[in-house]
Amino acid sequence: MRIHFSYQLIVSVLIASISVISCKKDDVDVIDPAVKNSVSIQFENRVGDQKLVLGTPAYKNAAGEPFALTTLNYFISNISLKKEDGTVQKFPNQYFLVRQADAASQVITLKDVPSGNYSEMSFMVGVDSAKSVSPVSERVGALDVTGYGTDGMYWSWNSGYIFLKIEGTSTAVPATVSASQSFAMHVGGYGGGWNGSAKTVNNLRTVTVPMTTKATVRGNIAPEIHLFVDALTIFNGPNKISLATTNSVHMPAAATPIADNYKTMFQVDHVHNDKQ
Amino acid sequence: MTKYLFFGLLTLLAVPTLACDLCGCSNGGSFFGILPQGHRGFLGIRYRYNSYNSHLNSLNLSSQEQFRTAELWGRFYPARRVQVMAFVPYQFSQQTLLKSGDVTPLRGLSDITVLAHYNVLNTFMDDSIVHAVNHNLLIGGGTKLPTGRFRYDENSLLDVANPNFQLGTGSVDWIANVIYTARYKNWGLNADLSYRMTTTNPNGYRFGNRFNSSASVFYLTSLNRRSIMPNAGLFVEQAGHDVRDKVMNKQTGGYAAYLNLGTEVYLNKLSLGISYRQPISQYLSDGELRANAQLTTHITFLF
């Protein structure tokens, strides 16, 4: 945008902004749920107060163990938004895979959200059991088990998705366990059995977070909800995880403390309600 | 209605992004203030303090940027009717994250600005007639050079990865400037318009064009060779949105209007000044940035 060299314009802009502000106060803000717009949700992965940069050994957990992360992936599904009047808007059958290595995956967009003031959001970390056991033909997009390449998010031996995967390196990992001192924690288990075997534990977790600034969906406002996701909580949550002893998790039963930790790692940092 | 058309255009041009790059702008245009008496060269040091609060609605990123700039400034007359001004700023700034209290310093040479003006009209000098009101009009332009570091590494854990918290803009910018002064007896009026046209820096970042304007009234009272000149006025700065890699960031730019109060003191060859600016109306970075009061002082030697 260029600003023209004229006082007239400044004055008109000032007047316009003042009149826009005053209009806002005077006009009755009519919320028509038939009018829809989109809501985007940004997942900004962090480690404590620091940014998350893959491959950087800049972090330390509560056990005092330094570590670097090489992978952080998780599924988000069953999102719902709660209006200030308590009514809940659900977004079923939408599955998203957030990957730290892929910036585009960190912003997800919900379409056709009815106008309203939303003050709380809720979502599941993982893939619900009904979807997990549905025919392969219904599991497309983020759920396409052939689409992960070397960054697998599916256990073929358990017919289940890996809900969250965190991998990295730490000097705390005994070299006798892993020559490269790497760790890997894969959390899954939707509570079903496979081929008649015993049911796994259910590590599906639902997260509910308030929004201090309401997301005000209008015909001309498509809010952006900016979440902070603190990966440090995976180690430092209600259950303290030491990489010296817990560095290789691939079975649902062992993963429950980790799921209980990451359930608490999400926070709505701020909401943008910019007019379009 | 042109004003609504203007806003309509603004909206059309804005591509929404999720980048949260806002923070106090260290790269505000050089503002000249009421300059020491005309027709004399000068060399001095100016000190500016301003601060901003950023990410006003963020639980984790809310911060305050404090910019302290010590600036060498000078004015020279290489030819009749031509004045050249130069500003060499050095910054001692810092960002404080309000949640953790972590402080990130920012120190070093900032962007140098050089301007030349032609004295188009000067009724005091132009003829020998005694005018009730004297007019002085300077028209000029110049450049702002990328002498301040612009390092913007999103993946650095040490830097504040923000294009607005840098020593310079990294770009060569062009400035057009008009300074008008009218004097009636001891009273005077000063108006200053400055437009900065930016260019894209080597990092693919382009700051919005910037338009600063000010109007002030001053009163000069003298005793022997000593004078004092209190002044009051309005200062308005406006900036367009920044563009990164050809994507416009709506959460940049905006306007701020300040009430300006100050005084200049002239002691023979020495000039001292202080000026305080209080924001009275602003909308910066889509409401996510708040400019706080600013203070400028200088000590200048006239020759």
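In which strand of chain A does Tyr95(A) lie?

Modeller: Tyr95(A) belongs to strand S5 of chain A, residues 88-99. Helices (H or I, at least four residues) and strands (E, at least two) are DSSP runs numbered from the N terminus. The model is predicted, and local features need pLDDT of at least 70, side-chain atom pairs count only at pLDDT 80 or more, while totals for chains, interfaces and linings use all residues. Residues are numbered from 1 along each chain as its sequence is written, and chains are lettered from A and ligands numbered from 1 in the order in which they are written.

Tyr95(A) counts as buried because it has 21 C-beta neighbours inside 10 Å. The criterion for a buried residue is 20 or more other C-beta atoms within 10 Å of its own; 12 or fewer make a residue exposed, anything in between is partly exposed, and the C-beta atoms are placed from the backbone. Neighbours within four places in sequence aside, Tyr95(A) is in contact with Phe75(A), Ser77(A), Val127(A), Gly141(A), Ala142(A) and Leu143(A). A contact here requires the C-beta atoms of two residues, placed from the backbone, to lie within 7 Å.

Two of these partners deserve attention. Ala142(A) is 47 residues apart from Tyr95(A) along the chain, with 6.3 Å between the C-alpha atoms. For Gly141(A), 46 residues apart from Tyr95(A), the C-alpha separation is 8.0 Å. Gly141(A) is placed in the loop between helix H2 (129-132) and strand S8 (154-155) of chain A. Whereas Tyr95(A) is buried, Gly141(A) is exposed, since 10 other C-beta atoms lie within 10 Å.

Beyond four places in sequence, the contacts of Phe75(A) include Tyr95(A), Phe96(A), Leu97(A), Val125(A), Ala142(A) and Phe163(A). Phe75(A) is also among the residues with the most contacts inside the largest nonpolar core, together with Ile76(A), Phe163(A), Ile225(A), Ala231(A) and Ile258(A). A nonpolar core is a set of buried Ala, Val, Leu, Ile, Met, Phe, Trp, Tyr and Cys residues joined through C-beta atoms within 7 Å. This largest core has 63 residues, and strand S4 (residues 66-83) of chain A gives the largest share, eight residues. Apart from it lies another core of eight residues, among them Tyr52(B), Tyr258(B), Leu284(B) and Leu289(B).

Ile258(A) directs attention to helix H4 (residues 252-262) of chain A, whose buried residues are Pro252(A), Ala255(A), Ile258(A), Ala259(A), Asn261(A) and Tyr262(A). These residues lie on the same side of H4(A) because they cover an arc of only 150° around the axis; the arc is that of the directions from the helix axis to the C-beta atoms. The elements of chain A against which they pack include strand S7 (116-125), strand S9 (160-170), strand S11 (205-217) and helix H3 (233-236).

At the level of the whole chain, chain A comprises four helices and 14 strands. Of its 276 residues, 36% count as buried. Residues 24 or more positions apart account for 75% of the chain A contacts with a separation of 6 or more.

Chain B, by comparison, has two helices and 18 strands, and 39% of its 303 residues count as buried. Strand S3 (residues 82-97) and strand S4 (residues 103-109) of chain B pair in the antiparallel sense over seven bridges; for strands to pair, DSSP must find at least two bridges between them. Thr96(B) stands opposite Val103(B) in S4(B). The two strands form a hairpin with five residues between them, and Gly101(B) in the turn has a positive phi of about 80°.

pLDDT is the predictor's confidence in each residue, from 0 to 100. Chain A averages a pLDDT of 89, and 89% of its residues score at least 70. Over residues 1-7 of chain A, however, the pLDDT is below 50, and it stays under 50 over residues 13-26 of chain A. Chain B averages 83, with 84% of the residues scoring at least 70, while residues 1-30 of chain B stay under 50. Where pLDDT is low, the predicted coordinates should not be read in detail. For the complex, the predictor gives an ipTM of 0.71 and a pTM of 0.77.
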